[in-house]
Amino acid sequence: MKVLMVCLGNICRSPLAESILKTKVNSTIVVESAGTSGLHSGELPDIRSIEIAKKNYIDITNQRSRKFTLNDFEDFDLIYVMDKSNYENVTKLSTNKEELSKVKIILNECYPDENLDVPDPYYGGEQGFTTVFNMLDDACEVIASKINI
Ligand code: 4NP
């Protein structure tokens, strides 16, 4: 089972989603992350994501931002996006129903069919990163309960 977490920059939300899910699943499950923009390719996660992860005993400094690619539709079984804008950006690249069906809005795991956004914390303060961490922790708990063997 391979799971991809996707946001816009792959420096704030999806690196947290990747590492949080990794703490909850067994080692046979591969978890990665990517961004729909290549704006921050090669960069470390945002310092505020590094700090909120550290506060929760998770080290995300091994991660580097990369852009979502068409190959990801083939490589991954599940593609979780953080918000509706990510959903549009990813699904418009899909070329068939199978690819489309892999793409899911992550908070629908907690609030089915509500299509709620994990808010983009980039332009806000540190509190936004705490909120994002807690939302992702809840969603990843549900995901892990479904995919863990
Ligand atoms: P992310 O946050 O999508 O959660 O990684 C953002 C990071 C960078 C930018 C926007 C959102 N940016 O505009 O550079």
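**View 1. E126 sits in helix α6, which spans residues 126–147.** Helices here are DSSP runs of H or I with at least four residues, numbered from the N terminus. This is a predicted model, in which local features need pLDDT of at least 70 and side-chain atom pairs count only at pLDDT 80 or more, while totals for chains, interfaces and linings use all residues. Residues are numbered from 1 along each chain as its sequence is written, and side-chain values use heavy atoms, with hydrogens and water left out. E126 is exposed, at 62% relative accessibility (exposed is over 50% relative accessible area, buried under 20%, partly exposed in between; 1.4 Å probe, protein chains only). Its C-alpha atom is 23 Å from that of C110, 16 residues apart along the chain.

View 2. A disulfide would need two cysteine sulfur atoms within 2.5 Å. The closest cysteine sulfur to that of C110 belongs to C140, but at 8.8 Å it is too far for a bond.

**View 3. The largest pocket holds about 180 Å³ of space.** Its lining comprises 13 residues, with L8, G9, H40, D120 and Y122 nearest the centre. Sorted by class, the lining has seven nonpolar, four polar and two charged residues (Ala, Val, Leu, Ile, Met, Phe, Trp, Tyr, Cys and Pro are nonpolar; Asp, Glu, Lys and Arg charged; the others, Gly among them, polar). On a 1 Å grid over the protein atoms alone, a pocket is an open set of points where a 1.4 Å probe fits, with protein on both sides within 12 Å along at least five of seven lines; lining residues have an atom within 4 Å of a point.

Terms used
Helices (H or I, at least four residues) and strands (E, at least two) are DSSP runs, numbered from the N terminus. Grid points are joined across faces, edges and corners, and a volume is the space filled by probe spheres set on the points.
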